[in-house]
Amino acid sequence: MSDIKDLLREAIASIERTTGLFYQQNTREGYTNLEQTLGSLSQLADLINTADSIDKDSLFISHFNDILKEALQALEQSDTILFSDILQYSLKELLESEL
Amino acid sequence: MDYYEKNMACIKIHRNNLYQSIMNVDVSKTSNRLDAISSIVARDGQLALTIRYQQADYRLNSLFNPAQEANRWVEQYSFHSINNVIAMFGLGNGVFARAIVSHMSKGDTLIIYEPCAELFFHVMHYYDITDLLGNNSIIIAIEDINEFEFHNMIRNKISITNMKNNIKCIHPNYDRIFQESNLHFWREIKDAYHSAILMINTNMLFGRVYLENIFRNLKYLSMSSTIYELRETIPKNIPAIVVAAGPSLSNQLDSLRKAKGKAVIIAVDRILDFLLDSDVVPDLIFSLDPIKPVEYFTRRQDVTIPLLSFLASNNKIYEIHKGKKIICNCSEFIIPFYKEIGKEAPMIMSSGSVATAAFTACVELGFENIILVGQDLAFDGEATHAGGIEEKIATNTEIMVEGICGEMVKSRYDWKEFLTWYEDFLTLNPHINAIDTKDSGAKIKGTKLMTLEEAIDTYSHGDIAFSVNKELLSQTLSIDNIDKLIIYLQGEANQLDLIEDKAKEGIRLCDKLILDNRRNIHSQQIDNNLRKIKKVNTFIEEQKICALMNYYITAVTTQKLAEIYQFKNDIKEDSLNTYLSAKSIYKAIIEAIDIIRPLLSEAIDDIASAI
């Protein structure tokens, strides 16, 4: 469980960094940092899927996936601000609720 | 009252010029640039701007929390320094500008360039931006309404003390949408920096020479007149001709000879011999450059044509010139003397070149029709001046500018600066009618193109053959006024010792502060010392001679002045740098006094011995 909480904190911190860069129009650095953020989120997703402590049918997983889909859609449209908003206000909130 | 009325009422009170421009705007120029503009409610209840331009949609604000987005955006900029100038491309709905304002300190200025008037009017209708419109620290320039304000203010605000800590920022997405205007924004900033650097380099070059010229030329004050006295003798029904030294002058000598008596002909000093050799005798000569080699003025020993000049102009030219001196700029130091004797102190502004300064003098003399001859501001082949002269300076100063026929012509960075000066001047002074008579060279926007003959036929009315008033030529200061000048100068000489003592006190205080800083001592004594330094500075700044000392101080402490308002948010380091910079400036004050003291003494002796 503590692994998940550590990963949650790491993901939240990474989201802060990445969204900060995109909000500041530092797009190149933002995308570089995004790799790390996506890495953290991917690890988190794997851990959640394998952890016994989280109900795999829970709303958390469903919300998590929905938010990621929405975020990735924004990214496909190169809308880094909308992407950051989704990460900052939707995903980060969700992750914080699990701490 | 709706938002638009509220915003306009605010503009009327705080920005009357903008108000007038909005009332007079040509609506056809400011509408239909965008396909659509809308403001939608974001998740936090604030409004977010979206636009459609060239069939693409752009959001100018976060759909979740516009204010928070702006707060995160502004964190990348440092506001630690003092007297920041922040240039911003795009006002949007004001939320990003507000984020900047929340970080600004007293003395900071935000200059916003809004490229889309249509967008501005949408914001005026849907948003309350009176907090921004009523803020005197913010300058707002809107394309097609008052965009010249940006050009003007960015040049006014950038100086040696803030060049290194200016902030340039772009409202998110504005650079993608308004690309051409964005280029214009950056070009204006670049040009403003070039202009400031040119001025700094000029001051650095001329610092000590200014001082020497002013004091050595003081003895000529008793025999001089001012430009305002000359103004009273100028007829109103003829134009002025400013004869510059460009290559095209060679084709206009006949026309100039015929113009004699029908216009007041003012020749820049560089071209005097060329004109006299060609039997063209100007009515007035204009000299500005503090260190122009005398051979660029004249090789003649008997020039009596009245000389319009600055007190800081080359002393060697004053000495070789045998005629009447007419002072256009007496320097701030001499203003109190003129006030004391009931005369208007001549203080026309220098504007970079002798021709532009001569142009300014013409405006001060009351001319509304001013004809330019030889103001090419471009090369003619390799020739830079009339007579086929090729003045060589560094090749990396060459650039291309628009020519009078629409082609691109080779010019120089300094000439482009003068070109911009004319264009700015004519924009700010629409009542001045400038006529450009050259047949080749750089286009000066705002001037009318015609031949010199046509210009004389059009603008010279009256049969009087003009010549400089003889009474003016014989006018001098009265003995009483010369005595007053001597007393004034002696008073200033006495102040020098006091100023020197204060500067030395300033150095002692700085040394104490530096020592305490390095020892990490924090005590009430530091505040006391800072208060004492403030008193020292106030005393020195109030002295009339301080304006003169600044020429020298700026020249020798350029680097320190550039850093003096730069801070890094490390109190210890920032304080130490401030004390070290202040100490350098006090030392420069003492050096300036050492230069001024003998010059002032010599000037007093020269004036007294001439009585």
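Begin with Ile111(B) and Ile139(B): the latter, in β6(B), is the bridge partner of the former. The model on display is a predicted one.

Next, select residues 109–114 of chain B, which form strand β5. This strand runs parallel to β6(B), and five bridges join the two.

Turn now to two helices of chain B: α8, residues 148–157, and α10, residues 179–217. Their axes lie 9 Å apart, and the helices pack at an angle of about 35°. The crossing of α8(B) and α10(B) is right-handed. To display the contact, select Phe150(B), His151(B), Ile154(B) and Arg155(B) on α8(B), together with Glu188(B), Ile189(B), Ala192(B) and Ser195(B) on α10(B). By class, this contact comprises four nonpolar, two polar and two charged residues.

Finally, bring chain A into view. Here 11 residues of chain B are in contact with eight residues of chain A. Within chain B, select helix α4 (residues 66–74), which gives the most to the side touching chain A, with three residues. By class, that side of chain B has four nonpolar, three polar and four charged residues.

Conventions. Residues are numbered from 1 along each chain as its sequence is written. Chains are lettered from A and ligands numbered from 1 in the order in which they are written. This is a predicted model: local features need pLDDT of at least 70, side-chain atom pairs count only at pLDDT 80 or more; totals for chains, interfaces and linings use all residues. Two strands pair if DSSP finds at least two bridges between them. Helices (H or I, at least four residues) and strands (E, at least two) are DSSP runs, numbered from the N terminus. Axes are lines fitted to C-alpha atoms, for helices over the stretch in contact, and angles run from 0 to 180 degrees between N-to-C directions. A crossing is left-handed if the near helix is turned anticlockwise from the far one by less than a right angle, and right-handed if clockwise. Two residues are in contact if their C-beta atoms, placed from the backbone, lie within 7 Å. Ala, Val, Leu, Ile, Met, Phe, Trp, Tyr, Cys and Pro count as nonpolar, Asp, Glu, Lys and Arg as charged, and the others, Gly among them, as polar.
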